Amino acid sequence: MDWHDCLDPRACVNDDERDWLMRTSCLINNYNYAKYVAEAIDSALDQTVPFDEIVVVDDGSTDDSLRIIHARFGSNPRVKIVAKENQGQLSSFNEGFLASSGEIVFFLDADDVYEKDYLEQALAFYDRHRRCDFLFCAMTEFGKRHGMQRSYSADRQLGFTIVL
């Protein structure tokens, strides 16, 4: 069975595999990115290993964003749409986080896209490094500029998150 045939990946694996699968949420925040947001959502939906849910938060866009999001993805059971008044990116992240149910939350800006195997690679990394609590990666520019941008030349351990 292909991963794309599974709305719930846990239903498509055996009991041994199910134990390590964590519920994943993709959080996309949007403000006036009508030109790009559908492509961002499509890239989250088209992963080789599917997200359990994609939460799209529209931060009071004044363009056609919200209409496009509802028209293209409103009937998709994996896409949860949150519309709110404009209060800025941080409030959008907070609203999206509250609306998500994932044990791992991945962030995607509305004007960015994921590579098809992004989630598969990220989950493989988490599987190999079970104590990892935060992951970020290089980005590939597209459009007017092309190329890979890395914050660091090699993988690095940046420490651990402590919740008090």
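User: Which residues do ring pairs link into a cluster?
Analyst: Phe 51, Phe 106, Tyr 114 and Tyr 118 are linked that way. Rings of Phe, Tyr and Trp (its six-membered ring) pair if their centres lie within 6.5 Å; planes under 30 degrees apart count as stacked, over 60 as edge-to-face and the rest as tilted. Keep in mind that this is a predicted model: local features need pLDDT of at least 70, side-chain atom pairs count only at pLDDT 80 or more, and totals for chains, interfaces and linings use all residues. Residues are numbered from 1 along each chain as its sequence is written, and side-chain values use heavy atoms, with hydrogens and water left out.

User: How many aromatic pairs does a search of the whole structure find?
Analyst: Six. In one of them, Phe 93 and Phe 107 have ring centres 5.1 Å apart and planes at 80 degrees, so that pair is edge-to-face. Phe 93 sits in helix H4 (residues 89–99) and Phe 107 in strand S4 (residues 104–109), 14 residues apart. Helices (H or I, at least four residues) and strands (E, at least two) are DSSP runs, numbered from the N terminus.

User: And why is the pair Tyr 114 and Tyr 118 called stacked?
Analyst: Their ring centres are 4.4 Å apart and the planes are at 5 degrees, so the pair counts as stacked.

User: Are Tyr 114 and Tyr 118 buried or exposed?
Analyst: Both tyrosines are buried. Buried means under 20% relative accessible area, exposed over 50%, and partly exposed in between (1.4 Å probe, protein chains only). Phe 93, at 22%, is partly exposed, and Phe 107 is partly exposed too, at 45%.

User: Switching to charges: how many salt bridges does the structure hold?
Analyst: Seven, where a salt bridge is a side-chain nitrogen of Lys or Arg within 4 Å of a carboxyl oxygen of Asp or Glu. One of them joins Glu 53 to Arg 23, with the closest N and O atoms 4.0 Å apart. Glu 53 is in strand S2 (residues 53–59) and Arg 23 in the loop between helix H1 (15–18) and strand S1 (24–30), so the bridge ties together parts 30 residues apart in sequence.

User: What's the relative accessible area of Glu 53?
Analyst: Glu 53 has 5%, so it is buried, while Arg 23 is partly exposed at 27%.

User: Which residues do salt bridges with shared partners join into one network?
Analyst: Arg 23, Asp 52, Glu 53 and Lys 80.

User: What about Arg 72, which residue does it form a salt bridge with?
Analyst: Asp 42, with the closest N and O atoms 2.6 Å apart.
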